[in-house]
Amino acid sequence: MRHPLALLLLCISLLAGTSAAQLVMVTPPQVVLSKGQKVQLQAYLYQQSGIAKIVTNTSTWTSLQPTIATVTKTGLVTMKGTGSATIVATYQKTPGYGTVWNQFTPFISVPPSTASVGNIQHVVFIIKENRSFDQYFGTFPGANGATSYTTHTGQVKPLGHTPDKAKHDMGHEWTDSHSNIDGGRMDRFDLETQCSVNGDNLCLTQLYQSDIPNYWAYAQNYALADAAFSSVESGSYPAHLMLVSGSSQTTVDNPRSSIQAQWGCDAVAGTNVPTMLSNFVVSSTFPCFNVTTMGDLADTAGVSWKAYTSVNGQSGYVYNPFRSFSTIFNSSDWTTKVVTESDFITDALAGNLPALSWVTPPAADTDHPPDSACIGENWTVQQINAVMQGPASQWNSTAIVLVWDDFGGFYDHVAPPFRDQYGLGIRVPWIIISPWAAQGVYHTEIEFASVVRFMEETFGLPSLGGADAIANDMQDAFNYTQTPLQPLVLSQRQCPAGAEDTSVVDPDDLDD
């Protein structure tokens with residue numbers, strides 16, 4: 001803790017903010033209606049304490065597209081036309097969003113496969129933070145990218161250029177995600193929380209190849225997925241649960257607490273996380289789940305695994321993906337298989353990678369605004385170089401999946417397909433690196449549970465029974481008959497002046 005007083009003041013200011021203290025949710029969040037049909041929506045106020053109360057009759061209801069759907073002052077929606085309409089419930093100046101559609105954006109599936117069995121012996125799942133596909137790869141040749149955006153008034157404008165060290169965070173959790181998507185129009189990013197500070201329009205900018213040349217090199221030499229979506233229409237916490245359990249465990253947002261960064265079984269008493277149950281009731285729970293994870297499945301089957309991540313006391317501990325699962329946290333796995341991320345390079349160079357690896361960086365290396373994309377890219381290159389510079393037999397049987405956990409508030413133009421009431425969320429960058437990757441742009445719709453399913457199929461593990469049961473499995477991103485692709489060992493870059501993390505506290509440890 002470098003500056004205790006500054007940290008205290010920062011925490012107080014964050015806790016004082018409305019967005020940190022309360023959340024308004026409209027349920028059901030998405031509904032299909034035919035013309036003339038009606039649905040009663042509910043509005044819930046979720047408070048910092050974890051208390052959720054119905055505020056349907058005391059909220060102000062509006063339809064952003066009244067020619068398509070109307071809403072009464074008590075939340076009764078009538079479908080008037082074709083298309084989609086975003087319905088807003090505002091309580092004490094805090095908005096919540098729901099959507100009614102004639103037809104959901106379809107989820108496109110492909111047949112499952114087990115082609116990876118025997119060909120892939122190591123799956124390395126690297127998870128970075130808070131970038132959209134258009135923000136990193138909107139100008140990538142052959143990919144479904146964009147270089148312009150649409151405002152809420154219908155104007156089309158060019159995306160600006162993101163500085164390497166983005167100056168601030170932006171809204172990217174449940175509320176902003178649902179507003180941004182706007183029934184598939186993807187046209188309300190300009191209204192997003194902190195989209196623009198002092199006129200910088202940061203959320204409406206993108207990076208170019210020259211800004212992230214090594215990420216682009218991986219995309220050019222292996223497989224870049226341009227239809228990859230976050231599993232949940234929200235931010236980091238539900239996404240990180242999905243990475244190892246195939247489910248968001250009904251959570252829809254980040255944990256709330258009297259102390260920041262309480263994201264797991266060791267959270268202080270009173271910590272809570274918003275949930276939406278299958279009957280659309282909003283509630284809360286302590287962020288510790290007694291459910292089966294991929295680690296548990298692997299243990300039972302005798303399949304080796306490790307999570308190379310931040311452990312208690314290290315920066316980036318909020319992103320430790322097994323911290324919220326009592327089956328791991330309260331077992332010997334917590335000290336033997338959940339290890340510091342610095343062990344990854346050692347194990348990879350020595351050829352000692354387990355069958356399954358989850359890898360998350362320290363906070364300053366996550367790519368999370370306001371951290372430097374260049375510094376984050378350098379960390380990623382170090383991890384991937386270690387795999388490529390390890391024994392050839394290890395590289396020849398490895399699949400590296402490099403993803404970003406949510407869109408981070410940055411613009412993306414592709415409407416997410418509907419899987420269920422939790423997602424899918426806004427599109428994220430995703431690169432598949434392997435000797436057997438089908439080189440080029442990969443267009444199959446995938447999500448984080450796709451990696452879970454790929455792990456299950458590759459190592460003969462049973463399904464966790466969540467989103468992994470229906471997610472596309474990425475098997476069609478590989479070609480085991482091709483001439484194997486060679487390792488691409490890259491050099492560290494000299495980052496722009498001022499790229500280093502100089503804040504009094506790592507912002508990732510306070511928010512996602």
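Tutor: Two strands pair if DSSP finds at least two bridges between them, and helices (H or I, at least four residues) and strands (E, at least two) are DSSP runs, numbered from the N terminus. This is a predicted model, in which local features need pLDDT of at least 70, side-chain atom pairs count only at pLDDT 80 or more, and totals for chains, interfaces and linings use all residues. Residues are numbered from 1 along each chain as its sequence is written, and side-chain values use heavy atoms, with hydrogens and water left out.

Student: In which sense do strand β22 and strand β23 pair?

Tutor: Strands of a sheet pair through backbone hydrogen bonds, either parallel or antiparallel. Here β22 covers residues 398-404 and β23 covers residues 430-433, and I400 stands opposite I433 in β23. Over 4 bridges, the sense of this pairing is antiparallel.

Student: Which are the edge strands of the open sheet?

Tutor: The sheet is formed by 8 strands in the order β20-β19-β21-β11-β22-β23-β16-β24, with mixed pairing. An edge strand here pairs on one side only, and the two that do so are β20 (338-340) and β24 (440-442).

Student: What angle does the direction of α11 make with that of β11?

Tutor: Helix α11 packs on the sheet, touching β11, β21, β22 and β23, where contact means heavy atoms within 4.5 Å. Axes are lines fitted to C-alpha atoms, for helices over the stretch in contact, and angles run from 0 to 180 degrees between N-to-C directions. For α11 and β11 the angle is about 175°.

Student: How many disulfides does the count come to?

Tutor: A disulfide is a covalent bond between the sulfur atoms of two cysteines, and the rule used here asks for a pair of cysteine sulfur atoms within 2.5 Å. C195 is joined to C203 with S to S 2.2 Å, C265 to C288 with 2.0 Å, and C374 to C495 with 2.0 Å. The count comes to 3.

Student: Why is the disulfide of C265 and C288 right-handed?

Tutor: C265 is buried at 14% relative accessible area, while C288 is partly exposed at 24%; buried means under 20%, exposed over 50% and partly exposed in between, with a 1.4 Å probe and protein chains only. The handedness follows from the torsion about the S-S bond of C265 and C288, which is about 85°.
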